Amino acid sequence: MTKRFKQDYEFGKESEAKSLPDLQNIFNTELIHDPMMYAHFDFHKDNILVELKTRPNTEWIDGRMKHTTEKGRVMYIDTLYFDAPKMRFAFQHNKHRRLNGEPEKDFFLVWKCSNDYFYWKVNWDGEPGNRNDYYIEE
C-alpha cells in the first residue's frame, strides 16, 4: 500500500463515518456501514446500496461545480466522475437477482463536495448513447 493510497483510504473511511448520519437522513433509513476494506458500495440496508465519494476540493457555487486541484488550479467541471466497476457490480448484482426471481436493489452514488451532497441512482433506462443523466468517457 503506497503512502498516498493509505492517506486517501484513511480520509475516505473517516468521511464515511462522519457522513453516515447525513446519509441516513437523505435516504431515510438506518444504513449499515460495510466493514469490508474493498466493498463496492460503502453502505447498505435491505434494498439499497450507497457508495460515497468525498471531494473536499469540489464545491457548488453559483450554479456551477468548481474544482480546485492540489496545485491550486481552478476548474469548472460539468460532471462528477465515478468508476465503471461500481456500475458493472450493480448491473451484475441485479441481473443475478432477476434470474433468481428476487427483487432488484437500488444503487446510489453519492458525492460529498465540501459540505453538500449530490447523488445519482444507477439506472438502466434506454441505450447508453441516449441517456441524459450520465455519459461514458474513455
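The model is predicted, with local features needing pLDDT of at least 70 and side-chain atom pairs counting only at pLDDT 80 or more, while totals for chains, interfaces and linings use all residues. Residues are numbered from 1 along each chain as its sequence is written, and side-chain values use heavy atoms, with hydrogens and water left out.

Let us begin with helix α1, residues 3-27, which holds Q24. Helices here are DSSP runs of H or I with at least four residues, strands are runs of E with at least two, and both are numbered from the N terminus. Q24 counts as buried because its relative accessibility is 18%; buried means under 20% relative accessible area, exposed over 50%, and partly exposed in between, with a 1.4 Å probe and protein chains only. Beyond its neighbours within four places in sequence, Q24 is in contact (heavy atoms within 4.5 Å) with T29, E30 and L31.

Next comes helix α2. Its 16 residues, 84-99, should span 22 Å at 1.5 Å a residue, and the 23 Å between its end C-alpha atoms agrees with that. The expected span is 1.5 Å times one less than the number of residues. Buried in α2 are K86, M87, A90, N94 and R97. Seen down the axis, the buried residues of α2 fall within an arc of 95°, so they line one face of the helix; the arc is that of the directions from the helix axis to the C-beta atoms. An α-helix has 3.6 residues a turn, so residues three or four places apart point the same way. On the face turned away from the buried side of α2 sit the exposed residues R88 and L99. Just after α2, G101 has a positive phi of about 70°.

What do the buried residues of α2 pack against? They pack against β3 (48-55), β7 (106-113) and β8 (116-121). Strand β3 is itself mostly covered, with seven of its eight residues buried. Eight bridges join β3 to β7 in parallel, and R55 has C113 of β7 as its bridge partner. Two strands pair if DSSP finds at least two bridges between them. On β2 (residues 43-45), three bridges give an antiparallel pairing with β3, where H44 stands opposite L49.

Finally, there is an open sheet of three strands, ordered β4-β5-β6 with antiparallel pairing. β4 (58-61) and β6 (74-77) each have a single partner strand, so one side of each is left without a neighbour in the sheet. Four bridges join β5 (residues 64-68) to β6, and H67 has M75 as its bridge partner there.
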